[in-house]
Amino acid sequence: MSKRRLLAYLNASKPCLITSASPSSNVRMTIHQRHVPSNSTFKVRNSSVTLPTRWYSDSTFSNFDEVCTETLDGLAEFLEDLPDFIPDLSDEFDVEFSGEVLTLTIKSGCVYVINRQTPNKQIWLSSPISGPKRYDFVDGDWIYSHDNSSLLHLLETELSDIFQFEFEINSVRHLLLKFA
């Protein structure tokens with residue numbers, strides 16, 4: 001099957017996370033698709049890709065709203081408490097959580113936006129350092145499928161560098177444990 005036909009086939013259904021690794025290589029592949037038979041094999045440019053084993057659909061991930069709400073509420077609470085621990089924050093520092101959008105303004109030109117994407121069952125992040133990323137909830141954590149990085153780890157790393165203050169977002173990790 002050509003890559004174009006495979007993509008057309010995969011785009012024909014509603015989205016759902018499928019993550020698989022080819023057993024013969026270190027290549028990871030994430031496809032948004034539902035109704036793909038388990039252990040299906042597709043030929044793409046002389047290499048086989050076996051789809052697999054695990055995915056989340058509406059029926060198996062019906063608690064998306066709860067997970068997302070816990071995550072965004074927990075992050076908002078954590079970020080609002082930062083001025084208590086970091087003494088020399090800019091006067092422009094602001095945390096705003098409205099509806100489905102969490103905005104962290106650290107200083108002029110340094111704004112993080114984290115928002116819920118209910119149709120895709122994702123959280124989207126816009127970072128002034130690493131750019132835009134889309135996170136899927138996998139095994140109790142929000143994971144960016146292109147590099148398998150965690151939303152919480154990325155925020156910890158970038159904010160620690162910005163503030164020159166080492167911290168961890170364990171309060172949010174603890175909230176997510178019940179969904180793992």
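**Entry 1: surface charge**

I reminded myself at the start that this is a predicted model. My opening search was for charge on the surface, and I found a patch of negative charge made by D73, E77, E80, D81 and D84. Which helix gives the most to the negative patch? I checked, and helix α2, residues 64-80, supplies three residues.

I then looked up D81 on its own. D81 sits in the loop that joins α2 to α3 (82-85). Its relative accessible area is 33%, so I noted D81 as partly exposed.

**Entry 2: aromatic pairs**

How many aromatic pairs does a search of the whole structure find? I got seven. I wrote up two of these pairs with their geometry.

I took F93 and F163 to begin with. Their ring centres are 6.3 Å apart and the planes meet at 65 degrees, so I logged this pair as edge-to-face. F93 is in the loop between α3 and β6 (94-98), while F163 belongs to helix α4 (residues 151-163), so the pair ties together parts that are 70 residues apart in sequence.

Next I turned to F137 and F179. Here the centres lie 6.5 Å apart with the planes at 85 degrees, so this pair is edge-to-face as well. F137 is part of strand β10 (residues 131-138) and F179 is in the segment after α5 (170-176), so the pair links parts 42 residues apart in sequence. I looked up the cover on both. F137 is buried at 4% relative accessibility, and F179 is buried at 14%.

I also asked which residues form one aromatic cluster with F137 and F179.

**Entry 3: positive phi angles**

K121 has a phi near 55 degrees, a positive value in a residue that is not glycine. I found K121 in the loop between β8 (110-117) and β9 (122-127). At 23% relative accessibility, K121 counts as partly exposed.

D139 also has a positive phi, of about 50 degrees, and is not a glycine either. D139 is in the loop between β10 and β11 (141-144). What is its exposure class? D139 comes out as exposed, with 53% relative accessibility.

I ended with two C-alpha distances. D136 lies in strand β10, and I found it buried at 5% relative accessibility. The cut-off for buried is under 20%, so D136 falls within that class. From D136 to Q122 is 14 residues along the sequence, and their C-alpha atoms are 5.0 Å apart.

Where is L155? I placed L155 in helix α4, the helix that also holds F163. L155 is buried, with a relative accessible area of 3%. I checked L155 against S127, which is 28 residues away along the chain, and their C-alpha atoms are separated by 8.9 Å.

Notes
Residues are numbered from 1 along each chain as its sequence is written. This is a predicted model: local features need pLDDT of at least 70, side-chain atom pairs count only at pLDDT 80 or more; totals for chains, interfaces and linings use all residues. Side-chain values use heavy atoms; hydrogens and water are left out. Patches are made of residues with over 30% relative accessible area and no salt bridge: like charges are joined within 9 Å, nonpolar side chains (Val, Leu, Ile, Met, Phe, Trp, Tyr) within 5 Å. Accessible areas come from the Shrake-Rupley method with a 1.4 Å probe; for residues, only the protein chains shown count as cover. A salt bridge is a side-chain nitrogen of Lys or Arg within 4 Å of a carboxyl oxygen of Asp or Glu. Lys and Arg count as positive and Asp and Glu as negative; His and the chain ends are not counted. The place of a charge is taken as NZ of Lys, CZ of Arg, CG of Asp or CD of Glu. Helices (H or I, at least four residues) and strands (E, at least two) are DSSP runs, numbered from the N terminus. Buried means under 20% relative accessible area, exposed over 50%, partly exposed in between (1.4 Å probe, protein chains only). Rings of Phe, Tyr and Trp (its six-membered ring) pair if their centres lie within 6.5 Å; planes under 30 degrees apart count as stacked, over 60 as edge-to-face and the rest as tilted.
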